[in-house]
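Subject: Handing over a structure, with notes

Dear colleague,

I am passing a structure on to you, and I would be grateful if you could look it over with the notes below beside you. The notes begin with a single residue and then widen to its surroundings.

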Amino acid sequence: MNNVEDYLRSFGMSGLLVTEELRALEKELGIRLGHSQIEREVSITEYYPQFEKKVREEAASMARHYELFYCLESAIRTLISETLQESVGADWWNSTRIPDAVKKGVGERVKRDIDSGMTRRSDNAIDYTNFGELSVIIISNWDVFGTIFSSQRAVERVMNNLNLLRGPIAHCCTISDDEVQRLQLSVRDWFRMIG
């Protein structure tokens, strides 16, 4: 009987180890293997049906626009970070390349995160910038970014459009079909102006 209990205990522990390895693999690769439910999904399935159907449909429609903005904003920040790091060095944020007004705005947002007692959104200062500030960084460093972009005015115009379009999406409002088209055009314009 003792051997059977040992085998069962060993089998159970092996199952736990496999489950933990699968979770780690899912996290590392950003995939779902379907072996267990994620806590976030449990809360969504519990509360989601309590919202009006119209609101759920709007959320599903707006999700793709949020996803596009997330990818674009991340790509712009990465482009700026990598370009300035290559040009100025690892401590580019603390250099004179970043205008004081941008640093001040970012510092205030970082402080607000810290004072909230919640987890900071990022350890990277650039992740606290908005489109307007990203535009200022690019234009202020045109000697570096002029080889990447075709026109300062184009950068300012496209970034301004993106900043205006970001508001409703970031603040959970629907956007009209015209604004969806404007968003798509602005994204195309962004990639078109990169030399």
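Threonine 129 counts as buried, because its relative accessibility is 3%, where buried means under 20% relative accessible area, exposed means over 50%, and partly exposed lies in between (1.4 Å probe, protein chains only). Please keep in mind that this is a predicted model, in which local features need pLDDT of at least 70 and side-chain atom pairs count only at pLDDT 80 or more, while totals for chains, interfaces and linings use all residues. Residues are numbered from 1 along each chain as its sequence is written, and side-chain values use heavy atoms, with hydrogens and water left out.

Threonine 129 sits in the loop between H4 and helix H5 (131-140); helices here are DSSP runs of H or I with at least four residues, strands are runs of E with at least two, and both are numbered from the N terminus. Once its neighbours within four places in sequence are set aside, threonine 129 is in contact with Glu73, Arg77, Trp93, Val102, Val106, Arg109, Leu134 and Ile137, contact meaning heavy atoms within 4.5 Å. A polar atom of the side chain of threonine 129 also lies 2.5 Å from the backbone oxygen of isoleucine 126.

As for the chain as a whole, it has 8 helices and 0 strands. Buried residues make up 28% of its 195 residues, and among the contacts with a separation of 6 or more, 58% are between residues 24 or more positions apart. The chain exposes about 13,500 Å², of which carbon and sulfur atoms supply 53%; such areas come from the Shrake-Rupley method with a 1.4 Å probe, and for residues only the protein chains shown count as cover.

At the start of H5, a side-chain oxygen of asparagine 130 reaches to within 3.0 Å of the backbone nitrogen of glycine 132.

At its start, a side-chain oxygen of serine 151 comes to within 3.3 Å of the backbone nitrogen of arginine 153. The 19 residues of H7 should span 27 Å at 1.5 Å a residue, and its end C-alpha atoms are 26 Å apart, which agrees; the expected span is 1.5 Å times one less than the number of residues. The buried residues of H7 are Ala154, Val155, Val158, Met159, Leu162, Leu165 and Ile169. Because they cover an arc of only 135° around the axis, they lie on the same side of H7, the arc being that of the directions from the helix axis to the C-beta atoms. They pack against H3, H5, H6 and H8, whereas Arg153 and Leu164 are exposed on the other side of H7. Leucine 164 has a relative accessibility of 60% and therefore counts as exposed. After H7 comes cysteine 172, whose phi is positive, near 60°.

The structure holds 6 aromatic pairs. Tryptophan 92 and tryptophan 93 form one that is edge-to-face, at 5.7 Å centre to centre and with 80° between the planes; rings of Phe, Tyr and Trp (its six-membered ring) pair if their centres lie within 6.5 Å, and planes under 30 degrees apart count as stacked, over 60 as edge-to-face and the rest as tilted. Tryptophan 92 counts as buried because its relative accessibility is 8%, and tryptophan 93 counts as buried at 13%. Elsewhere, ring pairs link Trp142, Phe145, Phe149 and Trp190 into a cluster.

Finally, there is asparagine 94, which is placed in the loop between helix H3 (53-88) and helix H4 (100-116).

Conventions
Polar contact = N/O pair within 3.5 Å; in protein donor to acceptor, adjacent residues only side chain to side chain.
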